[in-house]
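The following questions and answers go through one protein chain. The sequence and the model come first.

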Amino acid sequence: WIVMRGLLAGLAVLFTAACLPGTLSQVAPIIPAQFIANFTEYTAPTTQAPPYINGVPGAPFYATRGATYYDWSMKAMIEERYDYCVNIFPDGNMYPCTFFNINNISYLIRQNTCCVFGDPWFPPPPDFLRTRIAATYLGTAPWNADQATWWELPEVKPPTGPFLYAFNGSLPPSLEQLYLAFSFPGISGWVQQNFFNVRAVAPPASVWQLPAVCNGGRVPSCNFTADDDAGRV
């Protein structure tokens with residue numbers, strides 16, 4: 001639970017921190033204000049931190065497929081994991097899950113249940129690496145036929161950090177782009193979320209309908225943070 005709460009504290013730094021000047025040797029990219037993307041998320045029982053060559057950790061590892069929906073005009077974001085949940089829960093993650101962030105509340109849907117993961121909670125803005133976090137440029141590493149530029153958020157301290165982001169190094173920073181990868185230490189190793197099939201379009205309105213399992217009465221707290229202890233009605 002110490003690791004779990006530490007990770008949530010690190011996420012809070014990312015999502016809600018006051019604006020801080022970036023310590024950049026380059027200008028960090030801005031992500032699209034609206035997008036839909038698929039991802040593969042690897043969890044590897046290794047102490048070797050990214051960057052990994054071509055974005056894939058060495059074996060052994062397990063992976064889940066997933067999709068992300070993001071719309072900053074609504075301050076909304078959904079992450080669906082189809083095979084396994086993210087490796088941040090002490091009681092295991094061998095089940096699909098969805099993080100449904102809307103109206104400044106984050107709901108966690110897993111095993112046919114819904115709970116409040118965070119309140120208030122909202123995704124980072126498109127320019128978070130420039131304005132919200134003191135991002136540090138680390139350099140480049142091979143990514144398929146290109147080079148990826150890597151950025152670290154050193155404010156998120158071990159054992160829950162650092163957070164690392166990789167971008168397509170062949171694109172100018174003035175061009176909006178979703179990161180190739182987001183990496184961080186999980187419960188049982190490093191987690192790397194690799195994105196592909198990115199579409200810079202507004203998700204359909206139907207995506208933002210809160211699932212029925214989260215409606216129809218009081219939604220209990222997940223009891224992971226102090227902010228969500230009261231639950232929601």
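Q: Where is the place of Asn 194?
A: This is a predicted model, in which local features need pLDDT of at least 70, side-chain atom pairs count only at pLDDT 80 or more, and totals for chains, interfaces and linings use all residues. Residues are numbered from 1 along each chain as its sequence is written, and side-chain values use heavy atoms, with hydrogens and water left out. Helices (H or I, at least four residues) and strands (E, at least two) are DSSP runs, numbered from the N terminus. On that numbering, Asn 194 is in strand E11.

Q: Is Asn 194 buried or exposed?
A: Buried means under 20% relative accessible area, exposed over 50%, and partly exposed in between, with a 1.4 Å probe and protein chains only. Because its relative accessibility is 8%, Asn 194 counts as buried.

Q: Which backbone oxygen does the side chain of Asn 194 reach?
A: Contact means heavy atoms within 4.5 Å. Leaving aside neighbours within four places in sequence, Asn 194 is in contact with residues including Asn 38, Phe 39, Trp 143 and Gly 55. At 2.7 Å, its side chain reaches the backbone oxygen of Gly 55.

Q: Which residue is 12 places from Ala 67 in sequence and 5.8 Å from it in space, C-alpha to C-alpha?
A: Ala 67 is in strand E2 (residues 62–71), and because its relative accessible area is 3%, it is buried. Not counting residues up to four places away in sequence, Ala 67 touches Ala 37, Asn 38, Phe 39, Ile 78, Glu 79, Glu 80 and Tyr 82. The residue at 12 places and 5.8 Å is Glu 79.

Q: Which residues touch the most other members of the largest nonpolar core?
A: A nonpolar core is a set of buried Ala, Val, Leu, Ile, Met, Phe, Trp, Tyr and Cys residues joined through side-chain atoms within 4.5 Å. The largest has 38 residues. Elements that give two or more residues to this core include strand E1 (34–44), helix H2 (128–131) and strand E11 (190–199). The residues that touch the most other members are Phe 89, Leu 108, Phe 117, Tyr 165 and Tyr 179.

Q: How many residues are in the second, separate core?
A: This core includes Ile 78, Ile 102, Cys 114 and Val 116. Its residue count is 16.

Q: Where is Pro 162 found, at the end of the cis peptide bond from Gly 161?
A: Most peptide bonds are trans. The bond from Asp 119 to Pro 120 is cis, with omega near 0 degrees, and Pro 120 lies in the loop between E6 and H2. The bond from Gly 161 to Pro 162 is also cis, with omega near 5 degrees. Pro 162 is in the loop between E8 and E9.

Q: What is phi of Asn 104 near?
A: Most residues other than glycine have a negative phi. Asn 103, in the loop between E4 and strand E5 (105–110), has a positive phi near 55 degrees, and because its relative accessibility is 64%, Asn 103 counts as exposed. Asn 104 lies in the loop between E4 and E5 and, at 36% relative accessibility, counts as partly exposed. Its phi is also positive, near 65 degrees.

Q: What share of the 233 residues counts as buried?
A: The chain comes to 2 helices and 11 strands. Among contacts between residues at least 6 apart in sequence, 57% join residues at least 24 apart. The buried share of the residues is 52%.

Notes: Polar contact = N/O pair within 3.5 Å; in protein donor to acceptor, adjacent residues only side chain to side chain.
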